[in-house]
Amino acid sequence: MAAAESFPDHARPFLRLLGSRALWLHRSTLLDVKLYFLHGVLVLIAYGMFEATSEVWRASTVSALAALAGAEPRLHAPHAIVGSLTTMLQIIALDLGYLALHYC
């Protein structure tokens with residue numbers, strides 16, 4: 001049984017459109033693909049910068065909290081775990097910013 005035979009009749013024109021050269025070589029589609037890859041590269045750069053600067057953000061946060069609440073407690077967490085957690089929080093903040101900008 002061929003793959004096209006397993007789809008309902010109303011889906012066949014859509015599948016033909018997806019496989020058409022006119023769709024994939026249209027200038028709008030080419031621009032979308034370029035922007036998709038550009039966005040991917042920019043996100044990788046942003047995440048790389050988050051990872052590279054997470055220790056700076058951690059030190060700044062510890063300094064600010066020490067100024068607000070006094071001496072820091074003696075919880076010794078490995079820097080890799082704290083840096084990774086900070087990076088995760090930055091990524092969540094970035095994604096929530098994308099969400100807010102998309103729907104506002």
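Leu-31 sits in helix H3, which covers residues 27-69. Helices are DSSP runs of H or I with at least four residues, strands are runs of E with at least two, and both are numbered from the N terminus. The model is predicted: local features need pLDDT of at least 70, side-chain atom pairs count only at pLDDT 80 or more, and totals for chains, interfaces and linings use all residues. Residues are numbered from 1 along each chain as its sequence is written, and side-chain values use heavy atoms, without hydrogens and water.

Leu-31 is partly exposed, because its relative accessible area is 47% (buried is under 20%, exposed over 50%, partly exposed in between, with a 1.4 Å probe and protein chains only).

## A buried glutamine

Gln-90 belongs to helix H4, residues 79-103. Gln-90 has a relative accessible area of 13%, so this residue is buried. Neighbours within four places in sequence aside, Gln-90 contacts Phe-50 and Trp-57 (heavy atoms within 4.5 Å).

## The whole chain

The chain has 4 helices and 0 strands. Of its 104 residues, 11% are buried. The accessible surface is about 8800 Å², and carbon and sulfur atoms account for 73% of that surface (Shrake-Rupley method, 1.4 Å probe).
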